Amino acid sequence: MSIAVKGVIKRFGTFVAVDDVSLDIADGTLTALLGPSGSGKSTLLRIISGLETPDAGTVWLGDQDVTRVPPQQRGIGFVFQHYAPFKHMTVRDNVAFGLTIRKRPKDEIRRKVDELLHLVQIEQMGDRFPAQLSGGQRQRMALARALAVEPEVLLLDEPFGALDARVRKELRAWLRRLHDETHVTTVFVTHDQEEAMDVADQIVVMNNGRIEQIGAPRELYEQPANEFVMSFIGPVNRLGTHWVRPHDIDILLEPTDSAVEAMIERVVYLGFEVRVELVRQDGSRVSVQVPRDEAERLELDAGQIVYARADREHVFAKT
């Protein structure tokens, strides 16, 4: 089901959390709402879900205006960062809860729960209680419970935010595979740029309650609309009025007219890539990423004098 947000405004007292936001989300896509704390992304998600009512504007699911429709009547599944399961119920009973209160036949419930536990890869844990699961397993259970009632839209509010980095990486790859299997229109909130780039078809970059740019991950990275998007999506160096990605800088051993002298402060090996931290003559620091074989060919080491040349730069007009 498609989602359309039209001219939405939400205030909390004098604070404008969402400021005249319009957004179209196509049916069957996976969209990330990305931005720093206080950017309005979670408030926008809650408005789409019906947990918050906008002060102005409308929300549409398909061809229906649901701005004043209660959350339970919107056909939406919602998963929060801190999932609160029924502690006295098994995993299987937690997942079945939505179907049970809808008085579905027992055979149908059993069949659906088996299918979902298999889908989220915790079928062997159906008889356990939530306290016996890891954080990642509890979030899988939360997703299974949200999917049990066959929502037309799935909303995720920083679903992996409370988990450690390794588990987050595993679960975001799993979420992408799950979406490819279910094709449920999905919107998830995150402040993690790598998570958004890894999972989403479309990223909505928010700041101060407004949308800065909407686009596919590659588009945002290579064609940022402004300085905020450039600085928020991926690593970047600011050299005066110029913005340069670390991998768009060459390290040379001999001076040229277009290169700037610098001293290597640190060389960090990151598997295939090497991060070279430079200090320029004016004291400013520049981070450069080069392939490992290139770093070895140049024999880069701390204290060495080299010359940095930007291959590609971004300059943004002042607004």
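Student: Before anything else, what is a polar contact here?
Tutor: A polar contact is a pair of N or O atoms within 3.5 Å, where, within protein, one must be able to donate a hydrogen and the other to accept it. The model is predicted. In it, the side chains of Glu195 and Thr190 make such a contact, at 2.9 Å.

Student: Where does Glu195 sit, and is Glu195 buried or exposed?
Tutor: Glu195 belongs to helix H6, residues 193–199. Glu195 has a relative accessible area of 2%, so it is buried.

Student: What is Glu195 in contact with, leaving aside its neighbours within four places in sequence?
Tutor: Phe160, Arg168, Arg172, Phe188 and Thr190.

Student: OK, zoom out. How many helices and strands does the protein have?
Tutor: There are 9 helices and 17 strands. The C-alpha trace spans about 75 × 45 × 30 Å along its principal axes.

Student: And what share of the residues is buried?
Tutor: Of the 319 residues, 47% are buried. The accessible surface comes to about 16000 Å², and carbon and sulfur atoms account for 48% of that.

Student: Among contacts between residues at least 6 apart in sequence, what share joins residues at least 24 apart?
Tutor: That share is 63%.

Student: Let's do a sheet. What is the strand order in the one with E1?
Tutor: The order is E2-E1-E4-E5, an open sheet of 4 strands with antiparallel pairing. E2 (15–25) and E5 stand at the edges with a single partner strand each, so one side of each has no neighbour in the sheet.

Student: How many bridges are there between E1 and E2?
Tutor: E1 and E2 pair over 7 bridges. As an example, Val8 has Val21 in E2 as its bridge partner.

Student: And between E1 and E4?
Tutor: That pairing has 5 bridges and is antiparallel. Ile3 is bridged to Leu61 of E4.

Student: What about E4 and E5?
Tutor: E4 is joined to E5 (residues 64–65) by 2 bridges, again antiparallel. Trp60 has Asp65 in E5 as its bridge partner. The two strands form a hairpin with 2 residues between them.

Student: Which residue in that turn has a positive phi?
Tutor: Gly62, at about 65 degrees.

Student: Going back to E1 and E2, what packs on the sheet there?
Tutor: Helix H1 does, touching E1, E2 and E4. The direction of H1 makes about 120 degrees with that of E1.

Student: How many residues of H1 are buried?
Tutor: 7 of its 9 residues, so to speak mostly covered. They are Lys41, Thr43, Leu44, Leu45, Ile47, Ile48 and Ser49.

Student: What comes just after H1?
Tutor: Gly50, which takes a positive phi of about 95 degrees.

Student: New topic, salt bridges. How many are found in the whole structure?
Tutor: The search finds 20. One of them is between Lys10 and Glu52, with the closest N and O atoms 3.9 Å apart. That pair links distant parts of the chain, with Lys10 in strand E1 (residues 3–12) and Glu52 in the loop between helix H1 (41–49) and strand E4 (56–61), 42 residues apart.

Student: Are Lys10 and Glu52 buried or exposed?
Tutor: Both Lys10 and Glu52 are buried.

Student: Where are Arg176 and Asp180, which also form a salt bridge?
Tutor: Both lie in helix H5 (residues 165–182), 4 residues apart, about one turn of the helix.

Student: Why does Arg176 count as buried?
Tutor: Buried means under 20% relative accessible area, and Arg176 counts as buried because its value is 18%. Asp180 has a relative accessible area of 40%, so it is partly exposed.

Student: Which parts does the salt bridge of Glu227 and Arg238 tie together?
Tutor: The side chains of Glu227 and Arg238 meet at 3.9 Å, N to O. Glu227 is in helix H8 (residues 227–232) and Arg238 in strand E11 (residues 237–239), so the bridge ties together parts 11 residues apart in sequence. Glu227 is partly exposed at 21% relative accessibility, and Arg238 is partly exposed with a relative accessible area of 46%.

Student: Last one: which residues do salt bridges with shared partners join into one network?
Tutor: Lys10, Arg46 and Glu52.

Methods:
Residues numbered from 1 in each chain as written. Predicted model: local features only at pLDDT ≥ 70, side-chain atom pairs only at ≥ 80, totals over all residues. Heavy atoms only, no water. Salt bridge = Lys/Arg side-chain N within 4 Å of Asp/Glu carboxyl O. Buried < 20%, exposed > 50% of the residue type's maximum accessible area, 1.4 Å probe, protein only. Pairing = 2+ DSSP bridges. Contact = heavy atoms within 4.5 Å. Axes fitted to C-alpha atoms, helices over the stretch in contact; angles between N-to-C directions. Areas by Shrake-Rupley, 256 points an atom, 1.4 Å probe, with all protein chains shown as cover.
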